[in-house]
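Hello,

Here is the structure I promised to pass on to you. Please open it beside this email and follow along.

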Amino acid sequence: MMQYQIVGKNITVTEGISSVITEKLQRLEKFFVIDDEVTCRALVRSYKVGAKVEITVFTKMMDLRAEVQHDDLYAAVDLAIDKLVNQLR
């Protein structure tokens, strides 16, 4: 089971944003051994135009990181998850 930490800079992380990010990050759980202690930190930043999402996954063997800036916050989350999946493959 992954542990999630979602932090907002210049934005209040609502329950909706948190649940969407957590739900999408759960797609990564299939890549990890069940006994591993995996921590995932998502940093969400809001700018005048657009948003930036930084996701870091900490494991015993290595750390994975993806950073995406996009006009739409949810699109940025999707692109960051896709980057992490590509790194894991």
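Predicted model: local features only at pLDDT ≥ 70, side-chain atom pairs only at ≥ 80, totals over all residues.

Residues are numbered from 1 along each chain as its sequence is written, and side-chain values use heavy atoms, with hydrogens and water left out.

Strands of a sheet pair through backbone hydrogen bonds, either parallel or antiparallel. Here an open sheet of 4 strands runs in the order β1-β2-β3-β4, with mixed pairing. (Strands are DSSP runs of E with at least two residues, helices runs of H or I with at least four, numbered from the N terminus; two strands pair if DSSP finds at least two bridges between them.) β1 (3-9) and β4 are at the edges with a single partner strand each, so one side of each has no neighbour in the sheet. β1 and β2 pair in the parallel sense over 7 bridges, and the bridge partner of V7 in β2 is L43.

Helix α2 packs on this sheet and touches β2, β3 and β4; contact means heavy atoms within 4.5 Å. Helix α2 covers residues 73-88, and its buried residues (under 20% relative accessible area, with exposed over 50% and partly exposed in between, using a 1.4 Å probe and protein chains only) are L73, A76, V77, A80, I81, L84 and V85. Among the residues that V57 touches are L28, F32 and L84.

Happy exploring!

Conventions. Expected span 1.5 Å × (residues − 1). Axes fitted to C-alpha atoms, helices over the stretch in contact; angles between N-to-C directions. Lists of a residue's contacts leave out its neighbours within four places in sequence.
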